[in-house]
Each structure stands twice: as C-alpha cells, then as structure tokens.
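User: I am new to this structure and would like to go through some of its contacts. Please keep the answers plain.

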Amino acid sequence: MLTRNCLSLLLWVLFDGGLLTPLHPQLQQTLEAQPRENVVTMPGRRSPTQRVKRGWVWNQFFVLEEYMGSEPQYVGKLHSDLDKGAGTVKYTLSGDGAGTVFTIDETTGDIHAIRSLDREEKPFYTLRAQAVDIDTRKPLEPESEFIIKVQDINDNEPKFLDGPYVASVPEMSPVGAYVLQVKATDADDPTYGNSARVVYSILQGQPYFSIDPKTGVIRTALPNMDREVKEQYQVLIQAKDMGGQLGGLAGTTTVNITLTDVNDNPPRFPKSIFHLKVPESSLVGSAIGRIRAVDPDFGKNAEIEYNIVPGDGGNLFDITTDENTQEGVIKLKKPLDFETKKAYTFKVEASNVHLDHRFHSVGPFKDTATVKINVLDVDEPPVFSKPMYTMEVYEDTPVGTIIGAVTAQDLDVGSSSVRYFIDRKSDSESYFTIDGSEGTIATNELLDRESTAQYNFSIIASKVSNPLLTSKVNVIINVLDVNEFPPEISVPYETSVCENAKPGQVIQTVSAADKDLSPAGQRFSFRLSPEVSTKPNFTVQDYRNNTAGIETRRSGYSRRQQDLYFLPVVIEDSSYPVQSSTNTMTIHVCRCDSDGIILSCNVEAIFLPVGLSTGALIAILLCIVILLVIVVLYVALRRQKKKDTLMTSKEDIRDNVIHYDDEGGGEEDTQAFDIGALRNPKVIEDNKIRRDIKPDTLCFPRQRPPVEDNTDIRDFINQRLQENDADPTAPPYDSLATYAYEGNGSVAESLSSIDSLTTEADQDYDYLSDWGPRFKVLAEMFGEEENYNTDKVT
C-alpha cells in the first residue's frame, strides 16, 4: 500500500515538472482518460502567443480502501505555478467528503484521507480545488474539479443470496441428470483484478453429485441412485473468489436434494400363505380378513390392486383394496355353512395400478399368495326347507282340514328337535292352526273366497334345546273358488225397441257377470226361458263369446197395444257344478223417427204432444175425467127437464166441451173464451180485448172491416186468426179463439154426441184421419172402439 502511495506522489512530482512517465499501465490508462487543466495566463504577465506552461496538474487520485494505518493516508498534492513558496497562496478543497473524509494543507496543498474508506459503500468522490491569494482572498486560478477513486481490495467473500437450496431428482436417473443451478454474488469490483471472479466446488456430497465450476449447475454423478436405499442428500457447495487461487475468499451454501419415487419395485407378499378363521354366522358383505403386499415405492407408485385367482372360493369371496392402508380386504359374498364345508383355499394376486414402461424388463409387477379360510361352527337357528310356502284350499272347506305342512331342521352337529307356532301378529283372527311338532297347517274357520281370497302369515320355528334361536318363514294360502253363484246379466237390465222395428233387428247386446272367481276359459250361454219360447216377440242370439244379442221376431210394435215387454233370459256358466239364473229384461216400446232415433218412450206421449211433463199430463187427465162426469150429469138433467135445444140454451154443454179442448188455459181456466162471441159476431166490434189475458197496454188500435150478417163463420174465424197472429198482446196459444166454434157450416159437423140424430155406433170416424195431424190421435182412439154405443141426446 505504501509503495502505491509513493508511486502516486512521484507521478505527481513528475507531472509538476512537465514530464509524463507513467509507472503503472492501469494508472496510465486512467490518467489518459481524464482531461488535463492548462495553466491559465494571468493578466499582464504573458503574451497571448507565449506557450502556456501547465500550472495545475490534475490526475485521478487513488486511495486504498480499508486503510488501517495510524497516520492519515496521503492521497496527493495540489500546486499552482503562481505559488513561489513564499506562503502567499492558499489552497481550498470542496465537494464530496471535503473536511470530513479528505483534508488539504492550505499552504502545501497536500491531501490526506482522515478515515478508512469502503469502496462497496462509495467507489469515488468528486471534489473541487481552488488557489486564492492569502491576503486578498482572490482566486489565483479558476476552480477545477477532480476525482478521488477508492482503490478496491479483496475484502468481500462470495455469498449465496438464495441459499440454502432445495432440489429433487427422480431416482434411477442417469449420470449427468440436471438437478439445480446455484449462484454466488461477490461485492468486490468485477472490473479490477480477480476479486470478484468466483469458482464453484463441492465440499460435501461426492461422489453422488457434481457441479460446474463456472456456471454452478449441479448434476448427478452416479447412475441408478435408489430412493428405497437413500432418499435425502445434503450437498455443501463452496464459491471462492480470486479464481479459486490461494488466498481468495470463499462462501458456502447447502443444497438439500431429494430423490423422487418411480415405480421400480413390484409388490411382494411378506409370506406365501395367509390363514383366516371365519364364523359361519358372518353376514354377507362383511369383511372377514385382511392381507397386505409390501411395495417399497411411494404414493401412486405403491397403489396395489388385489384380485382372487379363479378357482375354489372365487364365487364365495371377494377382495377389495383399502385406499388408506393398501391392504386387501376379503369380504363374504355368500353365506357360510360349517355343516356343508369347513374350509376354503384360494389364491390372491397383488399388482401395481400405475406401471412405468422403463422398468418392464425388471419383471412382472405382481405377486401371488395363498389364502386358507377355516369356517368356525356357530349354534344356529332352525332352517326351513323352503324360503316361502304357498298352499291352496277350497272355500267352505270344513274346519280342521289339513291343507299343508312346513318343515324346519337344526343343521348343527348336535341337532335338536324343532317346535312350530304361528305368529299371531300376522294371523290375528286365528283362521289357521299348526301342529307344534309336525308343522301341519289346518283351517280353524270357514273360509270365503269372496270375503278374503288370500291369507299371508308367518310361522316361527324354534330349537327345543335353545328356544331363543328362532327362524321365520312366510306362508301364503290361496282360497280357491267354488262355483256357488250363478251368472247374471250385467248392465243394462232395460232396453227399448222402436215401433217401426224390423224382424231380426238387434236391439241390445248383453253380457254376463259372475261373483265367483271364474277360471280361465269359462263360458256363459244365453237362451230364452221355456215359458216364452213358444210365440216370442223377441229372441236371444248367443254369440258364443260370453255375449248375446236381443233380436226382434216381428215387425211393428204399438205402444197403444203394449208399451212394455218382459223378456226372461236364462244364463248358465261352465263351472262345476253348473249354475244358472233367469234374468228378466224390461223392453220399452218407443216412438222413433225414420232413422231409428228414439223420440219418446213415455205412455202419456200417446195422448199428448211431446214435451209435457208427467205432472201436467196427470192434471189434464183429471180435468178430462171431471168434464166427462159433468157432461154425464148434464145429459141426465136434460133428459129429465126436457129443456130447449142445445144451440139456444144458456147452459150450452159445448161451453165445457170447449174448455176440454183448451190447450193453453190451464186446468182452472174455464173462461178462456166467450161462446157468445161466436153466436153474435157483432159483439166483437164492441169488445176488442181478449178475456183470457189482460194486456198491460194496447200498442195500437186495430181496425177491422165490419162483418156482414150473412158472412160465413169460417171467414170470420180466418179473420180472427190473422188478427191474433198480428196482435203483439195475444198469448202464445189461440186454440180457443180459433177452433172452439164448430159452426153450422162445418164439414165435420158437431163432434159432440149432444143433439146427434144417430147413435155413435152408426158413425163412421174414418173422415177424422183426413183432417190433418191434429186429429190423428183422436182418429186412433175412436177407430179402435168397434162396439161403443152412446145414448142419443135429444
């Protein structure tokens, strides 16, 4: 260090004398890179053309870092040409560290560093120098700037900023497999010397790993390193500066390397035979034992799959893998029976789930072991010979009849007798009984299939030696049907026939129903009852498919002659014993249109138009009866008193007859029309309002032409008909006003027997059929009575 300082001082002296002879190549380069200050010509001292001699000699000053001497470290010297040594020039220093790090002798210009410097903390300082007159304090030279560099020494060792390191590499990797790259950092100046040139080496971890001296890349150095032998490695890495030469500083770090697992080991059973003991009472699906194959691999490479090799026990047992322990769990697929078989032997194969193709050449990654299972005897309950019993019995079977039996046995080595009894929870009504020793089942009540067709109850069997050991079985008893009910016609029981029906026409198709449980293929037959088979109006056609058709035997049926027919039909079944029944069908004669559509089937429809209710028909019939009684009484009185003729009498019996023909007035309306209006047509002009209905208001007056005295009464009636049709206050019926008066000029003359000159027997009523549909019913009534005679009214 002192030598270098002396050289710097000598160089300064040489530059001060005008000579430039660098003693150090690097120092020479530094000096050449810096600008030099020329001597500034003072006013009045030099001619402009005179060559200026350099006064200030500026270099890059250097100071060693980490100086530990007792005296301040000499850095350099400032000097001016104007300084003649008389002490008239004062030197000043300013800038980085002036006064705190660097000091200057104001008289001589010598610069010293007064404390130790660290290049890694601050590599250079920039200062400014000034030469002033000591008396006038005026600058003798312009202020100049110079640099003091801190000269680096190797005082920092390499450091691993990211250490310690953790790395992994698969086991069985080849030599040279990449593991990790480490990096060390040196704080020294990398541009000066070898202080920052680092070289890597392994201090601990050989011969397993190697490191590149320049790059710090760690690689494997041995082939086939096995994780199962050693999994963790700790490698100590050193980084040394100065290119690794002697005297360089060094730093270390640790690299923890783990070998990761690969599937390079097959599973192996620790023993070739496994012995298991299983009670025969073990439940199906329960685990009865565990076996395990060992695989030194780790994680998914150690996952094992177990399989039972086909053979003995393959259908009775199953094996699965416990994912947590990688054990093979043996489970029961079917019940065990010590009395049937006491031991089972089978083989189990263990294999890896995830294979690595790189190690197929090593061999098969599976192993096989033998499992022997010994069945242990357990005291068991009795066993029924069937899982369920089904029996049949006919209904109405006598009480006490045996219908079947159940059987249970104790299959243990020391067999015990068995007792039977019925579980009364399932047969609370005690329809059946069982023999406790034999197991025979008998009826305890009369059975009715129509009430209960099937019985389902349980029978319990227990060991005499240990009554707590019981077993249960279901018994189903089907009650068989006995043909005790005759078949019957299913709905409908009533049908209808049109008056204009043709022979052979099917008016109804019937079927049969039987309360008995008909066996498959049972047939029903249909026929007429013998009492109506001689001259029947209808016949039964058996279609032989359990249905039959009701057909007509003649054409035309009259409701007036007979509106109801009762047809007895005999139905037989085909079961044993044969049961039959006679079913009477009711056939109504109805009025139909030409298409066969029924219009009316009621009896009262013969006499009145369709649409009147039954109550109205009854009321009308009562009125007719009353009127007939009145007529008879009136005729009797006329005969006794011999009054005037009917047309001039005030008590003209036709008043009541007119009320009998009234269709719209009601049963109590006896004043529907004034017959006097027909006798004297002129009265119409005086009384224009109808008597049967009192209108609220008259909408408009009606003008009628006067009726001549000799006008025929038919013209008057037609006129009245037109007036009533146009009258808005007229009621919806006009039979009384229009047709009540028969008149002297009527073609039919009087329809009443009063004043008749001949008896009714002499009358010919065929002309009524020519009067239109209104007189059709009346023509039918008088046309059928051939010998009806009435007394002539005189």
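Predicted model: local features only at pLDDT ≥ 70, side-chain atom pairs only at ≥ 80, totals over all residues.

User: How do the rings of Phe209 and Tyr233 meet: stacked or edge-to-face?

Analyst: The ring centres of Phe209 and Tyr233 are 5.6 Å apart. Planes over 60 degrees apart count as edge-to-face. The planes of Phe209 and Tyr233 stand at 80 degrees, so the pair is edge-to-face.

User: Which strands does the pair of Phe209 and Tyr233 tie together?

Analyst: Phe209 is buried at 2% relative accessible area, and Tyr233 is buried too, at 8%. The two residues are 24 apart in sequence. Phe209 belongs to residues 209–211 and Tyr233 to residues 232–240, so the pair ties together strands S11 and S13.

User: How is the aromatic pair of Phe538 and Tyr557 arranged: stacked or edge-to-face?

Analyst: The centres of the Phe538 and Tyr557 rings lie 5.2 Å apart. Planes under 30 degrees apart count as stacked. With 5 degrees between its planes, the pair of Phe538 and Tyr557 is stacked.

User: Which ring has the charged end of Lys342 over it?

Analyst: The distance from the charged end of Lys342 to the ring centre is 4.8 Å. A charge over a ring has to be within 6 Å of the ring centre. The ring below Lys342 is that of Phe338.

User: In what sense do S3 and S6 pair: parallel or antiparallel?

Analyst: Strand S6 covers residues 124–133, and seven bridges join S6 to S3. Lys90 stands opposite Val132 in S6. The sense of the pairing between S3 and S6 is antiparallel.

User: How many residues apart are Arg290 and Glu327, which form a salt bridge?

Analyst: The closest N and O atoms of Arg290 and Glu327 are 2.9 Å apart. Arg290 is partly exposed, at 44% relative accessible area. Arg290 is in strand S16 (residues 287–292) and Glu327 in strand S19 (residues 327–332), which puts the partners 37 residues apart.

User: Which strands are tied together by Lys366 and Glu349?

Analyst: The side chains of Lys366 and Glu349 meet in a salt bridge, 3.7 Å from N to O. Both are partly exposed, Lys366 at 41% and Glu349 at 22%. Lys366 lies within residues 366–376 and Glu349 within residues 343–352, so their pair ties together strands S21 and S20.

User: Is Asp423 buried or exposed?

Analyst: Asp423 forms a salt bridge with Lys472, with the closest N and O atoms 3.4 Å apart. Lys472 is exposed, with a relative accessible area of 52%. Buried means under 20% relative accessible area. Asp423 has 15%, so Asp423 counts as buried.

Notes: Residues numbered from 1 in each chain as written. Heavy atoms only, no water. Phe/Tyr/Trp six-rings, centres within 6.5 Å; stacked < 30°, edge-to-face > 60°. Helix = DSSP H or I, 4+ residues; strand = E, 2+ residues; numbered from the N terminus. Buried < 20%, exposed > 50% of the residue type's maximum accessible area, 1.4 Å probe, protein only. Lys NZ or Arg CZ within 6 Å of the ring centre and 35° of its normal. Pairing = 2+ DSSP bridges. Salt bridge = Lys/Arg side-chain N within 4 Å of Asp/Glu carboxyl O.
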